[in-house]
Structures are given as structure tokens and as C-alpha cells.
Amino acid sequence: MQEFDLLVVGGGPGGYVAAIRAAQRGLSVAVVEKERPGGVCLNWGCIPTKAMLRSAEVYETVLHAADFGVNVEGVSVDYDAITRRKASVVKGLTDGVAGLLKGNGVTVINGHARFTGPTTVDVYATGESPLGADGPRYAAEPTGAKPIDQVKATDVIIATGSVPVQLPLPGADLPGVITSDGAFGLTEVPKRIAVIGGSAVGAEWATLFSTLGSEVSIIEMQKTLVPAEDAEVGKALGRSFTKRGIKVLTEATVSRVDQAEGGLKVTVDGAKPQQIDADIVLVGVGRKPNTASLDLDKTGIATSERGFITVDDTLRTNVEHVYAIGDVTGKALLAHVASHQGVVAAETIAGHHAAIDYNVIPAATFTHPEVASVGLTEAQAKDAGHDVIAAKFPFAALGRAQSYGDTEGFMKIVAGKKYGEVLGVHIIGHAASDLITEGALAMALEATLDELAETIHAHPTLGEVGMEAAMNALGLPVHVAPPKKR
């Protein structure tokens with residue numbers, strides 16, 4: 001049995017960051033990971049989807065090159081080349097993580113961990129993990145298989161992430177019905193695709209395949225797409241999708257999927273019940289904790305009704321010396337949250353102070369236009385009892401957006417009326433995922449509208465939208481019409 005100061009189960013964006021930080025603090029550290037380093041984020045989520053979305057963006061740009069005075073002929077999509085580029089990007093990053101772990105002296109054990117006690121695991125060999133409709137299919141150890149390794153540690157961090165939720169839907173097991181992870185197994189652009197779920201995952205896949213030429217329908221049970229975002233942003237994204245030719249069905253649910261001649265038939269219930277013909281049905285309605293095969297019952301760890309591991313502010317579970325980070329905690333299923341939780345857990349174990357503020361977590365959805373946010377929506381701020389100022393500034397009024405040729409969208413700032421403190425920032429538009437950092441920093445530093453407005457921003461840049469939105473909220477706009485006097 002190998003012994004370490006810290007054992008990290010799972011090498012995703014939470015696990016590998018925790019391992020590296022703990023090693024930097026002088027602990028002996030091991031990571032058990034059954035896939036390549038990087039977890040879902042690098043292998044089946046954040047990075048591969050963004051690589052493919054970038055290919056789609058380049059394709060769309062070339063299609064409209066004539067608008068910029070550039071003539072291009074013979075433009076076409078090579079989906080196989082797109083997936084090869086994606087694989088190359090993924091390999092480069094996962095190899096990089098492996099190098100970082102090695103360089104920091106972390107021992108990486110390839111295999112599947114099963115707990116035999118709170119701080120001990122048996123590690124089993126895993127077979128190949130071909131892609132199936134529900135994502136990577138790891139070969140389970142056969143009955144009676146013996147572990148290839150045994151590990152004991154003073155402290156343990158569980159960082160095994162999440163897996164796609166499977167809908168209990170008639171027809172969910174039909175060929176052609178896939179999850180977001182399983183979508184990476186597609187070998188060609190589907191002619192017709194129905195996406196169930198209009199949150200970040202579903203909206204990104206809808207963007208990708210629509211841009212590449214698919215006939216796309218997206219079905220969301222809430223009133224707007226990306227329902228976790230500010231309502232104005234969700235409505236704007238719906239309008240944008242509709243202009244791009246995507247069929248948007250909100251306040252609608254799917255009751256069944258049936259095999260039909262030449263494909264699948266999706267039955268949609270809502271204000272206007274209808275059936276949609278599709279070749280592929282992509283289910284992107286959420287994720288659940290990836291803990292089913294860890295034998296957690298042998299640890300005594302408490303979980304919620306939905307199976308997420310319960311933790312305190314320092315990521316401790318109810319069992320001494322056992323921590324959990326990332327998606328398995330259900331706090332916020334975002335890679336950057338997992339990474340920060342990993343730092344907090346590692347620092348705590350090493351005897352240092354660290355903390356995480358769940359009120360200041362930026363989120364981004366890589367649709368076209370992009371969506372990003374941090375803090376409270378306008379409705380949430382009002383529900384929390386704040387007297388609110390809310391103001392927007394359109395990208396169309398920015399010189400940089402005009403010169404770039406992408407003027408869709410706006411930034412919306414939600415602030416307290418009395419002191420002008422920033423309560424939330426919401427963006428839909430080009431580079432929203434990069435621009436949201438200013439909003440997160442403003443909230444972290446407790447900045448006010450006056451401070452944002454008085455900060456000199458470089459011109460011409462998209463970043464000016466923050467300054468302009470703040471000035472608009474103060475009733476002192478320069479580059480849009482002044483607010484109507486009441």
C-alpha cells in the first residue's frame with residue numbers, strides 16, 4: 001500500500017489544481033485518474049466545445065468576408081478536420097497538465113478508485129473508454145477483479161466531477177438520442193438536430209450546429225433560454241437565435257421521442273403542441289454528481305437528496321480528513337469554481353487560510369452572441385430587498401464593435417440606488433466571456449458606479465462598455481440618448 005499526505009480522487013480542473021497547490025505547500029500528493037488529466041473540462045466539455053465553436057466562428061466569418069472587402073470562394077465545412085483540430089487542442093492541454101503534475105512531484109495513478117474506508121482506496125485497472133450516446137464508456141472492473149494498487153492518505157479530496165443527466169423519457173434509448181458528452185462521437189454535421197434544454201450546454205451545441213449548417217430546434221421548459229441569466233439577456237439570445245434560423249421553443253417540454261421514417265420524431269408539449277423531425281436529439285438538461293461507483297457508503301460521507309456531497313466553507317465533508325470539491329459538491333458546476341475550491345481545500349489541509357466567495361462567480365456561455373454574468377440579476381436583487389438601479393449600454397454604440405462588424409447585444413449593470421454598489425453585471429455580445437472579468441473584479445473590490453464611470457478605459461475597445469453602462473446608470477450617458485425625465 002502506498003501512503004501519502006494527500007490523495008486526490010479525480011484529475012479534473014479541481015483535482016489537478018488541488019494536487020499542485022498541495023505539493024507546492026510541501027505535501028506528498030497522489031492523484032487517481034482513470035482518463036487523461038483534465039477531467040470533463042479538458043476532455044469532454046469546456047475545451048473541446050470551445051475549439052469546435054471557434055472553427056464554426058471562423059467559418060461564419062469567412063462566409064461574410066465580402067462585407068469586409070475580402071472575396072473568398074469555395075468555402076465549405078470539413079467536420080473531420082474540425083474534430084481533428086479539437087483533438088489536437090485537447091491533447092496539447094492534457095499533456096500540459098500531465099507535465100505540470102510531474103513537475104510538481106505529484107504521483108499520478110491511472111485507474112478507477114473505490115473507497116475501502118474514509119482515507120483508503122483500492123485502484124482498479126480500466127479499459128478503453130469509447131464514446132457512446134451518453135459519453136465516454138469506461139470499462140468496469142470484472143467481478144472478482146483484484147486492485148492494481150492500494151493507497152492510504154492522511155487527507156483525501158474527492159474531485160470526480162459530474163456526468164450528464166439522463167431524462168426518463170420514452171425513446172431516450174433510441175439510436176440518435178445522445179447527451180452533450182456523446183455529441184463528440186458524431187462523425188458528421190447532422191442535417192436536423194433537436195436540442196432538449198436551453199441552458200449553457202444546449203445553447204452552445206445549438207450555436208455550433210446551426211453555424212455549420214444544421215436545421216436546429218431548441219426546446220426549453222422555462223420562459224427564456226439560459227434561464228439562470230437575467231431575463232433580458234435570455235430574451236435577447238432567443239431573438240438572436242431566431243434570426244439565425246434556429247427554431248426556439250420556450251415554455252415547452254418533450255414528452256417522447258419516436259423512431260420515424262428517415263429519423264426521429266420529437267413530441268413537444270406546450271402552448272403549441274407539435275412534433276419535430278430530427279436526425280439527432282441532443283439531451284442537455286443538466287448534470288449529476290459522478291459518485292455512483294466510488295463506494296462512498298464505506299466512508300460515511302453525507303450527501304444531499306440529489307446525491308451531491310455536503311461540504312462546509314473550507315470544503316470539508318462531515319467525515320474528518322475528507323474533503324470534496326467541484327461538481328460533486330453541487331455548489332456551482334463550473335470548472336473555474338472547481339479550481340478555486342481545489343486551492344481552498346489544499347491550503348486548508350496544508351494549514352493555510354483560503355476562502356471562496358460564492359456571491360462573485362462569473363459564468364459564461366459561448367453562444368453567438370456570447371453570454372456572461374456575475375452577481376445578481378435585476379429580479380434577484382429586487383427579491384433580496386435592494387432598491388435597484390439597472391441600466392444597459394448597447395454594443396452598437398461602441399466604435400470598436402462597429403469597426404469589428406459585430407454590434408449585437410449589450411451590457412446591463414444592476415446596482416444599489418443609494419450607494420451605487422455593483423450587485424450584478426450581465427452581458428450578451430461579442431467577447432462577453434472576456435469582458436465579464438471587469439464586473440467580477442468590481443464586485444470583489446466593492447466598486448461603485450462612480451468608480452467604474454471614472455476609470456479611464458482605452459479607446460476604441462469593447463471594454464468601454466463597462467464605463468458607458470455605469471455612466472448610463474448614473475443618468476449621465478455620453479454616447480447614447482439621455483434617459484427620459486420622469
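## Around Ser180

Leaving out neighbours within four places in sequence, Ser180 is in contact (heavy atoms within 4.5 Å) with Pro164, Val201, Trp205, Leu282, Val283 and Arg287. Ser180 sits in the loop between β10 (177–179) and β11 (192–196). Is Ser180 buried or exposed? Ser180 counts as buried because its relative accessibility is 9%; buried means under 20% relative accessible area, exposed over 50% and partly exposed in between, with a 1.4 Å probe and protein chains only. Helices (H or I, at least four residues) and strands (E, at least two) are DSSP runs, numbered from the N terminus.

## About the model

You are looking at a predicted model, in which local features need pLDDT of at least 70 and side-chain atom pairs count only at pLDDT 80 or more, while totals for chains, interfaces and linings use all residues. Residues are numbered from 1 along each chain as its sequence is written, and side-chain values use heavy atoms, with hydrogens and water left out.

## The largest nonpolar core

In soluble globular proteins, nonpolar side chains tend to be buried together. A nonpolar core is a set of buried Ala, Val, Leu, Ile, Met, Phe, Trp, Tyr and Cys residues joined through side-chain atoms within 4.5 Å. The largest one here has 54 residues, and Leu7, Val8, Val29, Phe115, Ile157, Ile158 and Ile309 touch the most other members. Helix α1 (residues 15–24) gives the largest share of this core, seven residues.

What does Ile158 touch? Not counting residues up to four places away in sequence, the partners of Ile158 include Val9, Phe115, Leu294, Ile309 and Val328.

## Two helix pairs

Helix α3 (residues 46–63) packs against helix α5 (residues 200–211) at an angle of about 35°, with axes 9 Å apart. Axes are lines fitted to C-alpha atoms, for helices over the stretch in contact, and angles run from 0 to 180 degrees between N-to-C directions. The α3 and α5 crossing is left-handed: the near helix is turned anticlockwise from the far one by less than a right angle, whereas clockwise would be right-handed. Among the residues that meet are Leu53 and Tyr59 in α3 and Trp205 and Leu208 in α5.

For α1 and helix α7 (residues 335–349), the angle is about 35° and the axes are 8 Å apart. Here the crossing is right-handed. Val17, Ala18, Arg21 and Ala22 of α1 make the contact with Ser339, Gly342, Val343, Ala346 and Glu347 of α7.

## An enclosed helix

Why is helix α12 (residues 464–473) described as largely enclosed by the rest of the structure? The reason is that 10 of the 10 residues of α12 are buried. These buried residues pack against β22 (388–394), β23 (409–416), α10 (432–444) and α11 (449–454). After α12 comes Gly475, with a positive phi near 80°.

## Backbone details to find

Two cis peptide bonds are worth a look. One runs from His368 to Pro369, with omega near 5°, and Pro369 lies in the loop between β20 (363–365) and β21 (371–375). Another joins His459 and Pro460, with omega about -5°; Pro460 is in the loop between α11 and α12.

Glu251 is not a glycine, yet has a positive phi of about 50°. Leu315, also a residue other than glycine, has a positive phi near 70°. Leu315 is in the loop between β18 (287–289) and β19 (322–324), and is buried because its relative accessible area is 0%.
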